[in-house]
Amino acid sequence: TCTNVVWGFFSLCVSLSISAECVRELLENVDFPGTDLTQLYSPDVNHCQLLCTQHPSCLFFTFIRADWTRDNRHFYCYLKSTPSGQPNVQKPLLGVTSGYSLKPCDPCLSQVYENVDFYGADYQTLFTVSYEECQRACTNDPSCQFFTFFNGIFTPEKIRYKCHLKFSWTVPRTPIVEAKPGVVSGFSHSLQIMTNSDTVCQARFFPNTDIPGNDLEKVLAGSAEHCLSLCSAHPRCTYFSYVTSDGRYVFTSGIPSRFCQQDNSWLKDTHDGVDFRGSDIRYVMLDDPETCQTTCSQDSNCQFYTYILCLILCPRRRCYLKRVITMPAPPKVTKLANVVSGFSLRNCKTDLGTDAITHTNV
């Protein structure tokens, strides 16, 4: 089974679990020490659990709460894994909560966080009369993933009632793209780049052209078309330049496509001699790249893949299925009095009123 999740412009039917059974229990003041995969920021343990759920290898986690007193690692979310799927050790520890990756569940992030700042990732600010209106503004903007609102008693006075709309990547970004002989890479055909328009976009590329300077961000992409999709998803991107990873330094530049239905045909392209290294879910032994692509497309967890051709006589070859986190993830979470932070409600099944919202006060 899978759940259709829409984060911004990206839609995928995802299965939100590695294990066959959902373990929802959260273990307060229990630490799963060691076996860390990575550390991210989360405003609360529920968000940390969803980050673990989306991570290709995470099976369990430990979250450091706001009442942690040993050091300043508040809101740290440690994603973890072991070959057995269970923590090697469980220890009592005040100020932390641990838990497990989830099975398919409601992806709604309706909770709001008082006195918590989602620091950074701003792309637009406006003034609203309340955090509820700020959240509605975020929900109605496809680029917005989360927000922070400064209430009427915030100091300094000049930024009271200011609503900061914030962005995080929803289009899958391949973590490492490198030229490598004997491999074939590509994307799941189940991925979709969603818009609300029926008008087909007219892509505009400028071959053999570099537009130097004014870089907003440097990201890795599998092709110029993938780079176009990334630029189109970023609300501050107005043009891009893509350079090949094969050492030839061939540039292609272009401008983003918005307010139209994007061409998703780049998802069906295969890239010979290109390795999408890292972010492995697992590998399977298959006979050819076509079967590898089909396997990825049929696996609700898989976003992209790399198939390793066998250069020596052997009956089967390895197909690596891969994914990255595409759910909203603030770059940093900090305590800050008289602000309210939260997420877009686009994935919530209930009406977008305050009855669908729960509160956390830090």
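Which residues does His-271 touch, not counting residues up to four places away in sequence?

Modeller: This is a predicted model, in which local features need pLDDT of at least 70 and side-chain atom pairs count only at pLDDT 80 or more, while totals for chains, interfaces and linings use all residues. Residues are numbered from 1 along each chain as its sequence is written, and side-chain values use heavy atoms, with hydrogens and water left out.

Leaving aside residues up to four places away in sequence, His-271 touches Val-183, Val-184, Ser-185, Gly-186, Phe-187, Gly-222, Ser-223 and Phe-276, where a contact means heavy atoms within 4.5 Å. His-271 itself lies in strand β17, which covers residues 270–277; strands (E, at least two residues) and helices (H or I, at least four) are DSSP runs numbered from the N terminus. His-271 counts as buried because its relative accessibility is 10%, and buried means under 20% relative accessible area, with exposed over 50% and partly exposed in between (1.4 Å probe, protein chains only). The C-alpha atom of His-271 is also separated by 9.8 Å from that of Ala-179, although these two residues are 92 residues apart along the chain.

Turning to the whole chain, there are four helices and 22 strands, and of the 362 residues 51% count as buried. Among the contacts with a separation of 6 or more, 74% come from residues 24 or more positions apart.

A search of the whole structure finds 19 aromatic pairs, in which rings of Phe, Tyr and Trp (its six-membered ring) have centres within 6.5 Å, with planes under 30 degrees apart counted as stacked, over 60 as edge-to-face and the rest as tilted. One of them joins Tyr-76 and Tyr-78 and is tilted, at 6.0 Å centre to centre with 50° between the planes, and both Tyr-76 and Tyr-78 are buried. Elsewhere, ring pairs link Tyr-113, Phe-118, Phe-146 and Phe-343 into a cluster.
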